[in-house]
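Here's a quick walk through a single protein chain, written for someone who likes to think in atoms and distances. Have a look at the model first.

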Amino acid sequence: TDHLKVCLEHDITCPTPGCGVRYKRKNTLPHLSTCQRKKKICEYSKIGCAHESCRDEMAEHISESTEHHLKLAMQQLATQTCPTVIKMDKFQIHKDTSAEWYSPPFYSHPRGYKMCL
């Protein structure tokens, strides 16, 4: 019936393939947030790891891929630029005269903010 499609007390089966756990509809969000068969991307995806697996398999991936993750991190570090030193010409003169002065515009980092001092 239509009531069973929305009833919060009705037992349903987890929609995640391979899970099969049954719970009350009202517990859908808590279950899906911890479902061990739900796909998850690797926590090192921000540095280039493309692995995706079930939650219950992710710990094994993390453990077995330490060297791969380290190489990705090293590649990421190698592409970053070194800090920029900004030297203000005639600083003491500007300071003593209280005149307004600005540095030439620059970017804070690649794809960063454009600013001047």
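What follows goes from the overall layout to the core, a surface patch and the salt bridges.

## The big picture

Keep in mind that this is a predicted model. The protein chain has five helices and six strands, and if you read along the sequence they come in the order α-β-β-α-β-β-α-α-α-β-β.

Of the 117 residues in the protein chain, 16% are buried. As for contacts between residues at least 6 apart in sequence, 8% join residues at least 24 apart.

Which residues form the largest nonpolar core? That core has five members: Ile12, Cys14, Cys19, Tyr23 and Cys35. In soluble globular proteins, nonpolar side chains do tend to be buried together. Leaving out residues up to four places away in sequence, Ile12 touches Val21, Arg22, Tyr23, Arg25 and Thr28.

Thr13 sits in strand β1, which spans residues 11-13. With a relative accessible area of 38%, Thr13 is partly exposed. Skipping residues up to four places away in sequence, Thr13 touches Gly20, Val21, Arg22 and Tyr23. With Arg22 there's also a polar contact, side chain to side chain, at 2.6 Å. Thr13 and Arg25 are 12 residues apart along the chain, and their C-alpha atoms are separated by 8.8 Å.

## Leu4 and helix α1

Leu4 belongs to helix α1, residues 2-6, and is partly exposed because its relative accessible area is 37%. Not counting residues up to four places away in sequence, Leu4 touches His10 and Arg25.

## Helix α4, inside and out

Buried or exposed: how does His69 count? His69 is in helix α4 and counts as buried, because its relative accessibility is 5% and the cut-off is under 20%. Neighbours within four places in sequence aside, His69 is in contact with Cys42, Tyr44, Ile47, Cys49, His61 and Ile62.

Leu70 is in helix α4 too, which covers residues 66-79, but Leu70 counts as exposed at 53% relative accessibility. Together with Met74 and Leu77, Leu70 makes a nonpolar surface patch of about 330 Å².

## Salt bridges

The structure holds five salt bridges. One of them pairs Lys24 with Asp11, the closest N and O atoms being 3.7 Å apart. Lys24 lies in strand β2 (residues 22-24) and Asp11 in strand β1, so this pair ties together parts that are 13 residues apart in sequence. Both ends are partly exposed: Lys24 has a relative accessible area of 31%, and Asp11 is at 36% relative accessibility.

Then there's a network of salt bridges linking Arg37, Asp56 and Glu57. Asp56 and Arg37 have their closest N and O atoms 3.1 Å apart. This pair links distant parts of the chain, 19 residues apart: Asp56 is in helix α3 (residues 55-64), while Arg37 is in the loop between α2 (28-32) and β3 (39-41). The side chains of Arg37 and Glu57 meet at 3.6 Å, N to O, and here the loop residue Arg37 pairs with a residue of helix α3 that is 20 residues apart. On accessibility, Arg37 counts as partly exposed at 27%, Asp56 is partly exposed at 39%, and Glu57 counts as partly exposed at 36%.

Note on methods: Residues are numbered from 1 along each chain as its sequence is written. This is a predicted model: local features need pLDDT of at least 70, side-chain atom pairs count only at pLDDT 80 or more; totals for chains, interfaces and linings use all residues. Side-chain values use heavy atoms; hydrogens and water are left out. Helices (H or I, at least four residues) and strands (E, at least two) are DSSP runs, numbered from the N terminus. Buried means under 20% relative accessible area, exposed over 50%, partly exposed in between (1.4 Å probe, protein chains only). Contact means heavy atoms within 4.5 Å. A polar contact is a pair of N or O atoms within 3.5 Å; within protein, one must be able to donate a hydrogen and the other to accept it, and residues adjacent in sequence count only if both atoms are side-chain atoms. A nonpolar core is a set of buried Ala, Val, Leu, Ile, Met, Phe, Trp, Tyr and Cys residues joined through side-chain atoms within 4.5 Å. Patches are made of residues with over 30% relative accessible area and no salt bridge: like charges are joined within 9 Å, nonpolar side chains (Val, Leu, Ile, Met, Phe, Trp, Tyr) within 5 Å. Accessible areas come from the Shrake-Rupley method with a 1.4 Å probe; for residues, only the protein chains shown count as cover. A salt bridge is a side-chain nitrogen of Lys or Arg within 4 Å of a carboxyl oxygen of Asp or Glu.
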